[in-house]
2 protein chains.
Amino acid sequence: MDNINKKEFKSTFIKYIEEKGLRHTKQRDVIVDAFFSAGRHITSEELFNIVKKKYPEIGYATVQRNLNLLCKCSLAEEIKIGKQKTRYEQKYGNTHHDHLICLQCGRLIEVNDDKIEKLQEKLAKKNNFTPVKHKLEIYGICAGCKSK
Amino acid sequence: MDNINKKEFKSTFIKYIEEKGLRHTKQRDVIVDAFFSAGRHITSEELFNIVKKKYPEIGYATVQRNLNLLCKCSLAEEIKIGKQKTRYEQKYGNTHHDHLICLQCGRLIEVNDDKIEKLQEKLAKKNNFTPVKHKLEIYGICAGCKSK
DNA sequence: ATGATAATGATTTTTATTATCATTTAGTAT
DNA sequence: ATACTAAATGATAATAAAAATCATTATCAT
Ligand SMILES: [Mn+2]
Ligand SMILES: [Mn+2]
Ligand SMILES: [Zn+2]
Ligand SMILES: [Zn+2]
């Protein structure tokens, strides 16, 4: 099941690579694997540290570059929160969602609310504005932090 | 009318300064005046360039520091959009609002929707999450850019 | 196998913001 | 008014994340 998703994730990447006349490399393979398997919302530094275990000679720049590439083919998406390092969200097979962000522990909780989404569309239209994407972040204190 | 607001804005600042045992300076006076009078969503650089006209000896660091101070006393608020420089929103007398952001020309349109605000509260509660603040940004194409 | 060129890895550059620090200034006590 | 204490300033350096540079290596079509 996860393997099927991984296969699809990788084949999407490979298709993009080939369409653009880019090349297959061992580094790409390792990076894309690790990115898929890693948890959500990973930073380039975190991914670099994971990838180094499988491929110690790898350079940080290569990881960064390939995360950017994953973003270009919509398999990843940047999330910027405050002054933190950019995090990368794995997008394949994930529906759109927004985040609750704990001000205390930094936890990201993924949420979605259809009504809010619809009202956003409406709000944009009312302003003669054509929405392309949006970002909703609710900052506060998570359940875990409250019970401490 | 605008002058009344300005007076209130400044007296809020002065009150904060005095409470904290900070000092009155000519620079602060000029910076706070200029910030109040400037349009919304200004960057520190833009404000620096305005302030320089009234006070050519002023340093960039002083403008930055005082913008940070304005944020601390809730007269200003940082807005970070993508990779742009931080912008500072004048908050005194402004109710909360969110932004529509044009991907083409960068224009910020201020909007507010009570229903969305309420649903956000509800969404947070459902996750046993205590909301403190939020950020909603809708990216797209503004009316002006569409008619070109 | 060869050649063209994309990718890599090490390093430097860029850019925004914060920190440092010598000097000046404000506000208070004398 | 003078002197003292500490905050503020302005110039500059430090920091940190991300992008750019570039010599070298690897890929892939021929
Ligand atoms: Mn997420
Ligand atoms: Mn605004
Ligand atoms: Zn928490
Ligand atoms: Zn526009």
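I take donors to be N, O and S atoms within 2.8 Å of the metal (3.2 Å for Na, K and Ca), and because water is not among the atoms, sites may look incomplete. The model is predicted, so I note that local features need pLDDT of at least 70 and side-chain atom pairs count only at pLDDT 80 or more, while totals for chains, interfaces and linings use all residues. Residues are numbered from 1 along each chain as its sequence is written, chains are lettered from A and ligands numbered from 1 in the order in which they are written, and side-chain values use heavy atoms, without hydrogens and water.

**Zinc entry.** The SG atoms of A:Cys102, A:Cys105, A:Cys142 and A:Cys145 coordinate the zinc ion (ligand 3) at 2.2 to 2.4 Å. I then checked burial (buried is under 20% relative accessible area, exposed over 50%, partly exposed in between, with a 1.4 Å probe and protein chains only). A:Cys105 is partly exposed at 44%, whereas A:Cys145 is buried at 9%.

I counted a residue as near a strand if one of its heavy atoms lies within 4 Å of it. Of the 21 residues around DNA strand D, those that come nearest are A:Arg23, A:Thr86, B:Arg28, B:Thr62 and B:Arg65. Sugar and phosphate make up 70% of the atoms of DNA strand D that come within 4 Å of the protein. I noted that an N or O atom in the side chain of A:Arg23 is 2.8 Å from a base oxygen of DNA strand D.

Note on methods:
A polar contact is a pair of N or O atoms within 3.5 Å; within protein, one must be able to donate a hydrogen and the other to accept it, and residues adjacent in sequence count only if both atoms are side-chain atoms.
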